[in-house]
Each structure stands twice: as structure tokens, then as C-alpha cells.
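Work through the exercises below with the sequence and the structure side by side, and try each task before reading its solution.

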Amino acid sequence: MTMKENQQKNQQRNKNQGGFTLIEMLVAVFLFTIVMLVSMTSVLALIDANKKNQSTLSIVNNLTLVVNSIVKSIAVSKGYYCGNAVAAYNGTAGSDCPPNTPGESITFLTPANSAGGISQIVRYKFVVGANGAPGRIERAINSATDLIPITFIPITSPEIDVKSLKFYVYDTAPLVYSCTTCDLKQPRVVMMVQGIAGTKDNTKTQFNIQTTVSQRKLDATF
């Protein structure tokens, strides 16, 4: 094999083993950068969505706990009163809401506890937020014998803006079996809550909750 043929073979071998050109490298880097940007945007969006879901879930859990607490408290109590009754309310003067006119507060009497035999007066009411503050649900608990000023405390989270709380109270008069024309229904309460959960615009969620609860203990005279 001549020297010239060896040189041609070496040139052909070097040509076959050639690397990427500068333009090819720039194009590859550019495409890789675009793919990474798209991928990172998707990952960040997923992380942000997860944070929003966790925040919303926490708020909804608080709202669910509040509503369930009110419903349970009403179910085991008696003497439903549509409105904020006087401090020494004894549960004997139950009050229905006027037809088609719900109350924004409710008062009732819990069963006497086994320790001291004293019932408690429980009140729930709606408070409109002032100066841009969110609306809220407040609760007050005091002894049926107390004449002290009633102190209400908020029970809903600051991230919940309660727009409306309505109580429809029915059939608070006792059942009278000896009277065919008297009330023969158990006392019951329909509660409706409306508002907005969340403080940020991209996480705000409107909610409308309605539930009905009746007195668990038989309210009757014979």
C-alpha cells in the first residue's frame, strides 16, 4: 500500500470520527434549556397547586368541625330559642322563628351534668366583620343560674369569611299526647351557613351549607 493510500485512509478515518460542530452544540444546549424550563414550570405549578389544596383542606376541616359541633350540641339539648335569650334563660320558653323569618342567633339549654346537676345555656350567633374583617360565628356558654354578662368567643377560623348564618326553629312547644289539636312534632332546627373559605384570590372558595337537626330527647307531656 502506497503512502498516498495510507494518507487517504487516515483522512477518511478522521472524518468518520469527527465530533459535533459548534452550531450543533448550541442547538442541543438550546433545546435542553427549553425542555428544562418547561419541566421546571410544571413542577413549580404542581407544588403551588399542592400548597393551595392543603390550605383549602385545612380551612374546610375547620368549617366542618364548627358545623358538626353546633349540630351535635343542638341535638342533645332542649329549649330551642330563636334568637339571643336573656342571661337566665331556663329553657321553658322555647321560641319558634316567625314564618319565613330566620334568626341569626340561637339559644338552647344543655342537659344537666352529672356532677353538679346544673344545665348550661349555649348561644351561637353571626357577627358581621368590621373594617374589612371576615364575618364569623361566635359562641357563648354560661350556667343557667348565672346573671353575669354573656361573653362570646369566635369559633371560626380567620381564613373563613362567614357571610350569612340563619337558624329556622320549628315546633318548640312540647308534644301533648292528650291534646289532638296540639303540636305533635319534635323541635327541630334548620341551619344555613354561607361564606367564602380562603383569603387569597386564587384559593377562595364559596360554600353553602344547610343541615337539619331535631331534638334527640323526646319532648313530650302526657
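The exercises that follow concern a predicted model, and they take up a sheet, some aromatic rings and a pocket.

**Exercise 1.** Find the order of the strands in the open sheet of 5 strands, and name the edge strands.

*Solution.* Begin with the order, which is β1-β2-β3-β4-β5 with antiparallel pairing. Next, look for the strands that pair on one side only, and these are β1 (78-82) and β5 (153-154). Then turn to β2 (residues 105-109) and β3 (residues 120-127), which pair in the antiparallel sense over 5 bridges, with T107 standing opposite R123 in β3.

**Exercise 2.** Classify the aromatic pair of Y80 and F108, and work out which parts it ties together.

*Solution.* The planes of Y80 and F108 are 85° apart, and because an angle over 60 degrees counts as edge-to-face, the pair, at 6.5 Å centre to centre, is edge-to-face. Y80 belongs to strand β1 and F108 to strand β2, so the pair ties together parts that are 28 residues apart in sequence. Both residues, Y80 and F108, are buried, and together with Y124 they form one aromatic cluster.

**Exercise 3.** Describe the largest pocket by its volume and its lining.

*Solution.* The volume of the largest pocket is about 200 Å³. Its lining consists of 14 residues, and G79, G91, T92, T172 and D219 lie nearest the centre. Sorted by kind, the lining residues are 5 nonpolar, 7 polar and 2 charged. Finally, β1 gives the most to this lining, with 3 residues.

Note on methods:
Residues are numbered from 1 along each chain as its sequence is written. This is a predicted model: local features need pLDDT of at least 70, side-chain atom pairs count only at pLDDT 80 or more; totals for chains, interfaces and linings use all residues. Side-chain values use heavy atoms; hydrogens and water are left out. Two strands pair if DSSP finds at least two bridges between them. Helices (H or I, at least four residues) and strands (E, at least two) are DSSP runs, numbered from the N terminus. On a 1 Å grid over the protein atoms alone, a cavity is a set of points where a 1.4 Å probe fits but cannot get out, and a pocket is an open set with protein on both sides within 12 Å along at least five of seven lines; lining residues have an atom within 4 Å of a point. Grid points are joined across faces, edges and corners, and a volume is the space filled by probe spheres set on the points. Ala, Val, Leu, Ile, Met, Phe, Trp, Tyr, Cys and Pro count as nonpolar, Asp, Glu, Lys and Arg as charged, and the others, Gly among them, as polar. Rings of Phe, Tyr and Trp (its six-membered ring) pair if their centres lie within 6.5 Å; planes under 30 degrees apart count as stacked, over 60 as edge-to-face and the rest as tilted. Buried means under 20% relative accessible area, exposed over 50%, partly exposed in between (1.4 Å probe, protein chains only).
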